[in-house]
Amino acid sequence: MKILYIIPLAMMLSCCSSVKKQNNIASGKLDTQLLKDVEVLSLDAYQGRKTGTKGAEMARAYIIERFQKLGLKSYPPHVNYAQEFIFNDRKGTKVNGTNIIGYIPGKGNNVIVVSAHYDHLGVIKGEVFNGADDNASGTAGLLKIAAYFSKNKPNNTIIFAAFDAEEMGLQGAKAFVGNPPIPVNTIAINLNMDMISHSDKGELYVCGTFKYPDLKRYIDTARTDIKVSLGHDDPKLGRDDWTNQSDQGAFNAKNIPFLYFGVEDHKDYHQATDEYNTITPAFFSKAAEVVLDVVKRVDNQTGLQQLLKNKMIMRDSPQTPQKF
Ligand SMILES: [Zn+2]
């Protein structure tokens, strides 16, 4: 008799899962590799990927292996993409950090830096802060974009930068712009992802067009499958101005144009519950597509000279006169 009960239950389950599948198809295909990358990087075994820990080292090994499989190049003297740096933490203790910097060469001298930090908060009071959204998600987005351009060669050189020590004050990004493997004035733009996988409202923000309105042309805000909003970049917003709150801030400090992609803070932000099972997979798959779409559009801009010209206009604005 039990079997008779089990069969209808099994039929019911398969029915439900096919309905669920149809909904997923209707709302867009889930990106399995993207989800796998987040799932792995936010496993308990990675111990929250705090800078200088064994967990961060494991995360690096995973990202390096993915970079190698995608055929990304490494800048000498970096070995296996590793850019090492030392900084003082907030208590003044010296900490070793390691960025992972790969690239795909383009035709001209201009460089696009696509970035995401891979570090997170580690283990706090015995609890692993897995950092699935913050920022295994951006790291997975970076790998997705690298995979696209490894098959479709870009016009411009694209650097894929997985930064360390963002949580300790954008330290990896600061080390990169302070000692880049290419001349800093060839960096046309930074496109940074930090928290792109968790939004119950289905809303992704793109920050940076307040300072660089011309960059709006690269962003498709008319998408109907996901809400793409511009904002969180007006200095009048105070703490809600995200301009310098993630790694793009280090580029902004050098007057390098930037766009930052991220969601608003959610209940799991900087909590131990920021885990793989609390992200929103359908939203995440689309959000990563949005970022890839922007990178493609920026890369298609002829020579990127217009961007560089805009940068000069910004520098020449009346508030900050240039001295020659
Ligand atoms: Zn973050």
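1. Let me start with a proline. P77 sits in the loop that runs between β1 (73-74) and β2 (82-88). A cis peptide bond joins P76 and P77, with omega at about 5 degrees. Please keep in mind throughout that this is a predicted model.

2. The peptide bond from D134 to N135 is cis, with omega near 0 degrees. N135 belongs to helix α4 (residues 132-151). For background, most peptide bonds are trans.

3. Next, the backbone of two residues. Most residues other than glycine have a negative phi. K125 has a positive value, with phi near 50 degrees, and A165 also has a positive value, with phi near 60 degrees. K125 is found in the loop between β5 (122-124) and β6 (127-129), while A165 is found in the loop between β7 (157-163) and α5 (171-178).

4. Are K125 and A165 buried or exposed? K125 counts as exposed because it has 5 C-beta neighbours inside 10 Å. A165 is buried, because 28 other C-beta atoms lie within 10 Å.

5. D247 deserves a look of its own. This aspartate lies in the loop between β10 (227-230) and α6 (248-252). D247 counts as buried because 31 other C-beta atoms lie within 10 Å, and the cut-off for that label is 20 or more.

6. Which residues does D247 touch, apart from its neighbours within four places in sequence? The contacts are S115, H117, F163, E166, L170, A173, N192 and D194. For F163 there is also a separation to quote: its C-alpha atom and that of D247 are 8.1 Å apart, although the two residues are 84 residues apart along the chain.

7. Now to the helices, starting with α2 (residues 32-41) against α4. Their axes come within 8 Å and cross at roughly 140 degrees. Angles over 145 degrees would count as roughly antiparallel, so α2 and α4 are oblique to each other. The crossing of α2 past α4 is right-handed.

8. The side of α2 in this contact is made of Q33, L34, D37, V38 and L41. They meet A132, A136, S137, T139, A140, L143 and K144 in α4.

9. Helix α4 has another partner in α3 (residues 54-70), with axes that come within 10 Å and cross at roughly 15 degrees. Angles under 35 degrees count as roughly parallel, so that is the description for α3 and α4. Their crossing is right-handed.

10. Here α3 contributes I63, R66 and L70, which meet T139, L143, A146, A147 and S150 in α4. The residues of the contact of α3 with α4 divide into 5 nonpolar, 2 polar and 1 charged.

11. Finally, α7 (residues 281-300). This helix has 20 residues and reaches 29 Å from its first C-alpha to its last, close to the 28 Å expected at 1.5 Å a residue. The buried residues of α7 are F283, F284, S285, K286, A287, A288, V290, V291, V294, V295, V298 and D299. K286 and D299 are among the buried residues of α7, and both lysine and aspartate count as charged.

Note on methods
Residues numbered from 1 in each chain as written. Predicted model: local features only at pLDDT ≥ 70, side-chain atom pairs only at ≥ 80, totals over all residues. Helix = DSSP H or I, 4+ residues; strand = E, 2+ residues; numbered from the N terminus. Buried ≥ 20, exposed ≤ 12 C-beta atoms within 10 Å, placed from the backbone. Contact = placed C-beta atoms within 7 Å. Axes fitted to C-alpha atoms, helices over the stretch in contact; angles between N-to-C directions. Parallel < 35°, antiparallel > 145°, perpendicular 65-115°, else oblique. Left-handed = near helix turned anticlockwise from the far one by under 90°. Expected span 1.5 Å × (residues − 1).
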